[in-house]
Amino acid sequence: MTGRESHFQAVADAYQAVRRLPTLVVGVLAEGTLVWRGQAGAAADPATQYRIGSITKTMTGVLVMQCRDDGLLTLEDPLGDVVPESAYRAASLRQLLSHTSGMQSEPVGSWWERSPGVDFEQLSAANDVDRSVFAPGTTYHYSNLGFALLGEVVARLRGRPWQQVLAERLLGPLGMARTTYLPAPPYAEGWSVHHLRGTLTAEPARDTGAMAPAGQLWSTIDDLAILAGFLRSGNPAVLSSPSLAEMRRPVRDGYGLATMVAAHPGGQLVGHLGSMPGFQGSMLVDPRSGDGVVALTNATTGLDGVDLTHRLLGSVTPRPGPAWVPTAVVPEWAEELLGYWHWGNSAFEVRWHNGLLEFIDLARGRLAEQFTRRDGRLVGVAGYHAGEPLHVVRRPGPGDGADSVSHLECATFIYTRTPYDPAAPIPGGHPHP
C-alpha cells in the first residue's frame, strides 16, 4: 500500500469510528478516474449496492437536459406546458432544477421516504393546492417534490416511464450496470443508529413510486465513480460538455441545475449528496482536476460528504484507533446514566460507545471523558478524570436504596440532570460506586 493509499484508508477508518457508521465504502478519483477503493467498519465489499438517495436527482437532471438539447422543451417553459394538472404549473423547469421554484420541500401526506409509494396521479391529487413557501425565483429552497414533477416531465415527453428512460439514455450508455431501481444482490441493509446507546434499528426500503426521480436508486462505488467522471468530462452519447457545464454552474446558494456546488481548496466540487432511511451517499468531483470522492454508508445519519471529501483529498492523516462496533446490549448500570447532564451550566451528552461510557462536551463538540466499570466501580480511562472514580449518587429512599439517580460526582465535579445554581446547597444523596 502506497503512502497515499495508507492516508485514504486511515481517513476512512477514522471517519467510520467517529461517525458511528456500520459500514463505509469509499472511492477516490484522480483526473476523473477511480484510483482507490476501500472500506471501513464491518466487512463490506465495494461492489455491494447501497441506496444513493438524492444523487438520483443529478441523473434526473441529465434526462431533463437531454430533452432540452433534443428540442423537446426549454428550461424557461412552465411545468404546466407538460403537466397541466399540477398545482405548480407556473414554476419553470429551470426553477425546479435549481430548487428556486419556492415550492415546499416535501409532498403532502406521510413521510414519503418511509411510506409505500403511489403513482403520479395519486401524488398529484394529494398535492392539488399550491403550498409554496417562497415566491418563485427569489430564494433557494430544496424540494423533493419538485424532482418528482421533473421525472414526470421526462416520462411524458419520452412516452415511457422515468426508470425506463433512465436505463436507456444514461445508465446503459455510461455502463452503470450496477445502478438499479430496486436493490440487486449483493446489497447492504439500511440501519439507524441509536444516538445514545449505539444500537442498530433496521430501516424500511420502500419503492417510492412517483417520488422515485427524487431519490429511489441503488448503486455502487464503481458506478458512482463513472457518474462523477461523466459529470466532469461529459459523454457525447449522453450529454454534451457545454450542457454539463451549464448544470455545474451555480444558480443560487451553492446549487446549479440538479447539482450541488461546494468550495474546495484550489478548486470547486460538484455533484450531489444523498440520503434515504438507513443510507447516505456522496458523489463529488473537481471539474478542473478530476479529483473527487464517492462514498456510501448504511446509516441514516453521520456522513458529511463534503467534509469527508476534504479529508480524503487533504494531507492530514489521522492517528489509528479502534473501529466503532454497534452495541448489542447496553449494561443496566449504564442505561440509567445515558442522556444529558450538566456541570454547572455546561451541558454534556453521556452515551455508550464501544463498551465505554463517554461524556461529550456539547459546547465544544468533542469527547471530554471516558469511563469503564472495573471491579464494580466506575473509573475514568481518558480525559481530565482519568483514574478518578465516578460516583452515582441516588436520592435517599426506603428499602435497599434502589431509587433514582440524584447526580454524579467525580472528584469535586458534580453533574446534574438540569443546570444547577452554584450558590445553592450541593445536592444531597448517597454515593454508589
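Let's start with the pocket. H1 gives the largest share of the lining of the largest pocket, nine residues. One caution before I go on: this is a predicted model.

The volume of this largest pocket is about 1,200 Å³. It is lined by 38 residues, and the closest to its centre are Ala14, Ala17, Val18, Arg19 and Arg351. Which elements supply at least two lining residues each? Helix H1 (3-19), helix H10 (305-313), and strands S12 (346-353), S13 (356-361) and S14 (366-374).

Next, Glu358. Its place is in strand S13. Is Glu358 buried or exposed? Buried, because its relative accessible area is 4%, and the cut-off is under 20%. The side chain of Glu358 makes a polar contact of 2.7 Å with the side chain of Gln370. Leaving out residues up to four places away in sequence, Glu358 touches Glu349, Val350, Arg351, His353, Leu367, Glu369 and Gln370.

Now Asn298. This residue sits in the loop between strand S10 (292-297) and H10. Asn298 counts as buried too, at 4% relative accessibility. Which side chain does Asn298 meet in a polar contact of 2.6 Å? That of Thr23. Beyond neighbours within four places in sequence, the contacts of Asn298 include Pro22, Tyr50, Glu189, Trp191 and Phe279.

On to the salt bridges. The count comes to 17. Take Asp70 and Arg158 as one case: their closest N and O atoms are 2.8 Å apart. This pair links distant parts of the chain, 88 residues apart. Asp70 is in the loop between helix H2 (55-69) and helix H3 (93-97), and Arg158 is in helix H5 (residues 144-158). The two ends differ in accessibility. Asp70 is partly exposed at 44%, whereas Arg158 is buried at 14%.

A local case now. Arg311 forms a salt bridge with Asp307, with closest N and O atoms 2.9 Å apart. Both lie in helix H10, four residues apart, about one turn of the helix. Arg311 is partly exposed, with a relative accessible area of 45%.

Last, a network. Salt bridges that share partners join Arg68, Asp69, Glu76, Arg94 and Glu246 into one network. Within it, Arg68 and Asp69 meet at 2.7 Å, N to O. Asp69 is partly exposed, at 37% relative accessible area.

Notes
Residues are numbered from 1 along each chain as its sequence is written. This is a predicted model: local features need pLDDT of at least 70, side-chain atom pairs count only at pLDDT 80 or more; totals for chains, interfaces and linings use all residues. Side-chain values use heavy atoms; hydrogens and water are left out. On a 1 Å grid over the protein atoms alone, a cavity is a set of points where a 1.4 Å probe fits but cannot get out, and a pocket is an open set with protein on both sides within 12 Å along at least five of seven lines; lining residues have an atom within 4 Å of a point. Grid points are joined across faces, edges and corners, and a volume is the space filled by probe spheres set on the points. Buried means under 20% relative accessible area, exposed over 50%, partly exposed in between (1.4 Å probe, protein chains only). Contact means heavy atoms within 4.5 Å. A polar contact is a pair of N or O atoms within 3.5 Å; within protein, one must be able to donate a hydrogen and the other to accept it, and residues adjacent in sequence count only if both atoms are side-chain atoms. A salt bridge is a side-chain nitrogen of Lys or Arg within 4 Å of a carboxyl oxygen of Asp or Glu.
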